[in-house]
Each structure stands twice: as C-alpha cells, then as structure tokens.
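Reader: Hi, I've got a protein model to go through for class. Can you walk me through it?

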Amino acid sequence: MDTDVTNAAPAAAETGKRTPYRLRWIGLAVVMGADIMDLLDATIVNVAGPGIRNALGGNSTHLQWFSAAYTLAFAMFLITGARLGDILGRRRMFLMGVTAFTVTSALCGLAQSPEMLIGARGLQGFAAAMMVPQALGLIRDMFHESEVGAAFAVFGPSMGLAAVLGPILGGVVMDADVFGLGWRAVFMVNVPLGLFALVAGARVVPRPEPSTTARRPGLDLVGVVLVTAAMMLLVYPLVQGREEGWPAWTFGCLAASLPVLGLFAWYEVRTTRAGRDALVEVSLFANRAFTGALAVGLMMFASMIGLMLVLGVYLQIGLDWSATHAALALIPWSLGSTVGAGLAGAVLAAKYGRRVLHAGLVVGLLGVLGTAATITMHDGPVNTWILLPATAVAGFGFGLLMAPFFGIALAGVADHEVGSASGVLNAVQQLAGALGVALFGTLFFTHVEDNAPAAHSLDAVRGVFDDAFTVGALGSAAALAVAWGLAFLMPRFERPPGAEGVAGH
C-alpha cells in the first residue's frame, strides 16, 4: 500500500516532471468529505442552537458561544495549523486533524451543560484548524498542473453548497430525533464520517516524496501567542460583555487588541529581517490589494454569518418555529446562493471580475434590507412564502460575491506568498464569522432584553423580536455597504488560469 501511495511517479524524477497520482480523484473526495464536515459544523448550530439551549439550559450568551467558540478557535489557530502542515507534513496533519475532529465531535455530543459544550466546541474548532488548511496543499500535491483547475472546479462549489446546507440539515436532524439522540445527533453524525475519512485518508492520501534539499521551516511560537491573544482580546468581550453589563474590562480588552496586533506585525517584520521563520509572509501586508481584500472579507463574512445566526434565532425564538420549519425557510436563501455562485463561477467572474463582486454586494444588501422590510411591514407573523423573495435575493447576492472573492483577493499576490496569503484569508474568514456572531447577536439580544419586559401581549412581544431582527439586519447591511467601498482596493480580475494558489472555502 505505502509503495503505491508514496511513489506515484518514479519515472518523473528523471525528467523533472510530476505525473498525476493515480488515486487523486478518490483522494480529492476524501479531502472534500473532511472539509464538508467542518463547514457543516461551522453553520449547523445557527439553526440547532436554540434547541440545544432549551435542552441544556443557559442564556442568550451561551447561545452565541455555541457558534463563536468554534469559529474563534478555528480563526485563532488556522494560520498555525497551516504552518504546522509545512513543518510536519500535510498528510500527517490532515490525519491528526481528522482524528481530533472526530473525538471532539463526540465530546460535543456528550456535553452535559452549556459550559461543557462551549469548551468542546472550542476544541473542535482547534481540530478543524489542523485539518482544513491541509486540503489545498494536498490537492496541489495529488494533481498535475493541467488538472488542478478541474479539481478546484469540483472542490469550490462543493464547499459553498455545504456551507449553505448546514443550517437546513441542522433543523432536519434536530427534529428527526435520530436514534433518540435529539440535538446530540448534530454532532454525533461526525463520528462515523470522521472514522471513514480517517481510514480512507490513510489509504489514499499520498505520502510526501522525501526531499534532501528543502529546509523544514520552524514554528514561530511568539507569533502564535501574539496573534492568538489579539483575536481573543477582540472577540471575547464582544460576546461576553452584554451578559456582564459591559464592565470596564471589556472595553480595556477591545482597546488592548489593537496594540497586540501591532506588536504581532512588528515582531513578524523583525523575525523576517533576522532571517528566521515568521508565521506569515510580512510582505503581504505591504500589498494594498491584499490588505483591501482582508478588509472586504472581514465585512462580508461577518455580515453573512452573523445574519444567519440572527435569522435562525428570530424564527425559532421570536416566531416559535420548529428547527425544521426554520430550516425550510432558509432553502430559498440556499438555492439563491447556489445559483449565484454557479453563475458567477461558470460565466461572469472570468469576464467581469471585480464588477461581479460589487454586484453581489449590492444584490445581497438589497436582499438583507428586503428581508428586514418584509418582517417589519407585514401585518402579523410572517411565513416561509412571504420571506421567500427577499431571502432568495439575499442568497443570490451572497453567492455572486463568494464565487470570485478568493481568486480576486489573490490576484496581486506573488507566487511565493500564495500559501501564506491563503492561510491569512481563511483565518480572516473565520474571525469575521466570530465577530459577526458577537456583534449582530449582541445587537439582537440587547434589543430583546431591553424591550421585552415592557411587552404585555403576544403581538407586542413579536413586535420586539421583529424590531430586534431589523436592528441586526441593518448592522449586516451596513457591513456590506462598507465592503462595497473597500472592494475598489482589490484587483480587477482573478489570477489567470494555471497560476499557483487557490484560496480556501
């Protein structure tokens, strides 16, 4: 087995060319399966969260942390996970990550309290940070240059579809009560999937060819500590501050996050100039196009992921819908997103470039505002059919902008920077998700808690939740508007076909 996997092309060494690995498409399916598990778990709690809170107890802050603990841990350690793949080998880190993800999924399913689930979700996010960054490099290792584009043409849309299906599956699994597990099935389903991915990955993911020339890079431990501390200082007070009544320490943490980030940047520059291995390629941050893409990604993903949480909570707590009912209401969003991504990826992005991104931001903004207007202006509780037009438009807009974003973001990056740039972009994507959950969740729950006590009828209570959703949606729309302006800093077109590097999901 190992001989076949390791020596995919012995004759290629003599010619200097690499032959395609014979099990490459099976390997792609295994890698995609592992990444799909991550995407489902990153989004599934947006719908399953209220049911989990009802079963385990806790408050609205716990509900936010069910999502934020995962995305925050993922964001904090994603760059480190990518670097460990360079140091220890992508195959080894991938299999270690799959193992850890399977174990931590079981821990989530066995949680007996909100605090235990939040801790397990953090460990699960850490495991995902070891597993996910290896996928892109493994695909490049398995496929010949002439086939890499085809591989990513399968990989990208599959990841996008998994992201939008997560909330729907969460609702269905919650109400199906699989094997009598209730909400625990949301996490336990990863156990057989993870075991399959581990066994299959060990057999079909190729071992790296031995290198006698390349120096193994080192891990910048100081950089790891600094970037982790900065992200924790930024996100933790946003989620916990409302519950604590916004004491002085929350503002102190937020203020401290900026100098810690500055210290991280300074240390990385100093490390690079000294000839040591830095955690990230510091030249990236002198690239206006790339830093502009980071800012756009931060606004865009915070808007999208934060809004999905607010909408899921509004439908279940505000309107008392079941998880399945709420999931069905998100199908137009998912279908719109799929159509938008397919249209942009297959036809529009290559021809129109950044203009597709701008169009997606405008359409998404109109869809978000339309959803808020539908809820606010409708006389009585809304239903799935009334929400359908606006949510489909919002999904279509998000699909349009998702398809070209990563390719355009990497267009101005040098070939030797692509690996580090992909890791940073993915980290910003996950950090944005944690920030979106924290910011828009805080806006939503603060409005409810400030106004619900004075509401003395069911209609009045529903009106409070309607207004709370509108507040969250306006925050999401504002983030999209800022992203539209910042997008002018990005390159006009994606990297040309055959160029090295593709960003993550």
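Reader: What share of the residues count as buried?
Author: Of the 505 residues of the protein, 54% count as buried. Keep in mind that this is a predicted model.

Reader: And how much surface does the protein expose?
Author: About 20500 Å². Carbon and sulfur atoms supply 67% of that area.

Reader: How many helices and how many strands are there?
Author: The protein has 19 helices and zero strands.

Reader: Of the contacts between residues at least 6 apart in sequence, what percentage join residues at least 24 apart?
Author: That is 83%.

Reader: OK, new topic. What's the average pLDDT?
Author: The protein averages a pLDDT of 80. A score of at least 70 is reached by 85% of the residues.

Reader: Which elements have the lowest and the highest mean pLDDT?
Author: Helix H1, residues 2-6, has the lowest, at 39. Helix H16, residues 354-377, has the highest, at 93.

Reader: Where is the pLDDT below 50?
Author: Residues 1-16 are one such stretch. Beyond near neighbours in sequence, that stretch has 19 contacts in the model. Residues 497-505 are also below 50. There the model has 31 contacts beyond near neighbours in sequence.

Reader: Back to H16. At what angle does H16 pack with H17?
Author: The angle is about 155°, and the axes are 7 Å apart. H17 covers residues 384-409.

Reader: Why do you give me both an angle and a distance?
Author: Two packed helices are described by the angle between their axes and the distance between the axes.

Reader: So are H16 and H17 roughly parallel or roughly antiparallel?
Author: Roughly antiparallel. Angles over 145 degrees count that way. The crossing of H16 and H17 is left-handed.

Reader: Which residues meet between H5 and H10?
Author: From H5, they include Arg 91, Leu 95, Phe 101 and Ala 106. From H10, they include Asn 190, Gly 194, Leu 198 and Ala 202.

Reader: Let's zoom in on Val 30. Where is Val 30?
Author: Val 30 sits in helix H3, residues 24-56.

Reader: Is Val 30 buried or exposed?
Author: Val 30 is buried, because its relative accessible area is 9%. Buried means under 20%.

Reader: What does Val 30 touch?
Author: Leaving aside neighbours within four places in sequence, Val 30 is in contact with Phe 94, Ala 197, Ala 200, Gly 201 and Val 204.

Reader: How far apart are Val 30 and Leu 198?
Author: They are 168 residues apart in sequence. In space they are 8.8 Å apart, C-alpha to C-alpha.

Reader: Now Thr 250. Is Thr 250 buried or exposed?
Author: Thr 250 counts as buried, because its relative accessibility is 0%. Thr 250 lies in helix H12, residues 248-273. Not counting residues up to four places away in sequence, Thr 250 touches Pro 237 and Gly 241.

Reader: Last one. Where is Asp 320 found?
Author: Asp 320 is in the loop between helix H13 (288-318) and helix H14 (323-329).

Reader: What is the phi of Asp 320 near?
Author: Phi of Asp 320 is near 60°. That is a positive value in a residue other than glycine.

Reader: And does Asp 320 count as buried or exposed?
Author: Asp 320 counts as exposed, because its relative accessibility is 67%. Exposed means over 50%.

Methods:
Residues are numbered from 1 along each chain as its sequence is written. This is a predicted model: local features need pLDDT of at least 70, side-chain atom pairs count only at pLDDT 80 or more; totals for chains, interfaces and linings use all residues. Side-chain values use heavy atoms; hydrogens and water are left out. pLDDT is the predictor's confidence in each residue, from 0 to 100. Helices (H or I, at least four residues) and strands (E, at least two) are DSSP runs, numbered from the N terminus. Contact means heavy atoms within 4.5 Å. Buried means under 20% relative accessible area, exposed over 50%, partly exposed in between (1.4 Å probe, protein chains only). Accessible areas come from the Shrake-Rupley method with a 1.4 Å probe; for residues, only the protein chains shown count as cover. Axes are lines fitted to C-alpha atoms, for helices over the stretch in contact, and angles run from 0 to 180 degrees between N-to-C directions. Angles under 35 degrees count as roughly parallel, over 145 as roughly antiparallel, 65 to 115 as roughly perpendicular and the rest as oblique. A crossing is left-handed if the near helix is turned anticlockwise from the far one by less than a right angle, and right-handed if clockwise.
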